Amino acid sequence: MRGYILNFIIQTNTGYISGDDGQRYEFSGDEWKENIAPQKGTCVDFQVNQLGRAVAVFILIDDKNVHFMNKIQSRTQYEQQLEKEKNYTIIGWFSKCIRNYVNFEGRARRTEFWSFQICYWAIFFIGLLIIGLLFSATVVQTDTLFDGILIFEVCLYLSIFLWSVFSIVMFIPMISVAVRRLHDINLSGFWLLLHFIPVGSIAVWIMFCIDTKYEDNQWGPPAKLKYK
């Protein structure tokens with residue numbers, strides 16, 4: 001017989017199936033023959049024993065169920081990825097942002113956003129420090145004021161050039177992770193436009209500090225598991 005699952009209660013390991021004959025049949029988790037947990041709305045094939053209970057319950061493979069199972073599998077893989085991200089270091093989060101260079105979809109938790117910001121500014125200031133040390137070491141070895149001024153100009157223009165290149169390269173991932181961070185609190189990325197009005201930037205940075213909204217939204221499931 002065919003039907004679909006009305007519900008399944010994990011605590012009691014029992015559920016109910018609405019059969020094609022209009023009757024409801026109780027079944028036990030022991031009679032569930034698939035590797036994934038029973039889900040409400042799943043079309044199934046089953047037999048009925050002498051006690052009127054559903055036994056040997058299998059998922060019925062049709063177009064609707066294939067889509068349903070793929071959705072469950074995708075969700076499971078997503079949750080496994082979130083579990084993996086629990087062990088990320090700040091460099092791991094920064095690498096994730098780089099891998100999602102032009103990804104303006106999906107969601108990003110606070111840890112991902114702030115890790116990117118920290119790494120971005122750390123790279124910037126370390127770069128300036130290195131150029132400054134090279135400038136100082138070179139100036140000490142110069143014999144004339146003219147040579148010192150020339151070296152200063154070279155270091156200045158080199159700093160401007162490197163800063164410009166770095167800013168251009170990092171601009172897109174900085175915007176994309178900011179958009180995903182807003183998505184994670186159920187806001188559109190267009191809220192970034194507040195940067196262009198007075199005091200608007202303060203409001204945006206406060207938004208970046210808001211914790212994940214744990215319900216699914218139009219941009220996907222939450223960026224972290226609840227209580228994780």
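User: In this predicted model, what share of the accessible surface of the protein chain belongs to carbon and sulfur atoms?

Analyst: The accessible surface of the protein chain comes to about 14500 Å². The part of that area that belongs to carbon and sulfur atoms is 64%.

User: What percentage of the residues in the protein chain is buried?

Analyst: A residue counts as buried when its relative accessible area is under 20%. The protein chain has 228 residues. Of these, the buried share is 33%.

User: Among contacts in the protein chain with a separation of 6 or more, what percentage joins residues 24 or more positions apart?

Analyst: A contact here means heavy atoms within 4.5 Å. Among contacts in the protein chain with a separation of 6 or more, the share from residues 24 or more positions apart is 57%.

User: Is Arg2 buried, partly exposed or exposed?

Analyst: Arg2 is placed in strand S1, which covers residues 2-9. The relative accessibility of Arg2 is 46%. The range between 20% and 50% is the middle class, so at 46% Arg2 counts as partly exposed.

User: How far apart are the C-alpha atoms of Arg2 and Val44?

Analyst: Val44 is one of the residues in contact with Arg2 beyond its neighbours within four places in sequence, and others include Ser18, Asp45 and Leu60. Along the chain, Arg2 and Val44 are 42 residues apart. Their C-alpha atoms are separated by 5.7 Å.

User: Why does Ser176 count as buried?

Analyst: Ser176 sits in helix H4, residues 145-183. The cut-off for buried is under 20% relative accessible area. Ser176 counts as buried because its relative accessibility is 0%.

User: Which residue has its backbone oxygen 3.4 Å from a polar atom of the side chain of Ser176?

Analyst: Leaving aside neighbours within four places in sequence, Ser176 is in contact with Asn100, Tyr101, Asn103 and Phe104. The backbone oxygen that lies 3.4 Å from a polar side-chain atom of Ser176 is that of Tyr101.

Conventions. Residues numbered from 1 in each chain as written. Predicted model: local features only at pLDDT ≥ 70, side-chain atom pairs only at ≥ 80, totals over all residues. Heavy atoms only, no water. Buried < 20%, exposed > 50% of the residue type's maximum accessible area, 1.4 Å probe, protein only. Areas by Shrake-Rupley, 256 points an atom, 1.4 Å probe, with all protein chains shown as cover. Helix = DSSP H or I, 4+ residues; strand = E, 2+ residues; numbered from the N terminus. Polar contact = N/O pair within 3.5 Å; in protein donor to acceptor, adjacent residues only side chain to side chain.
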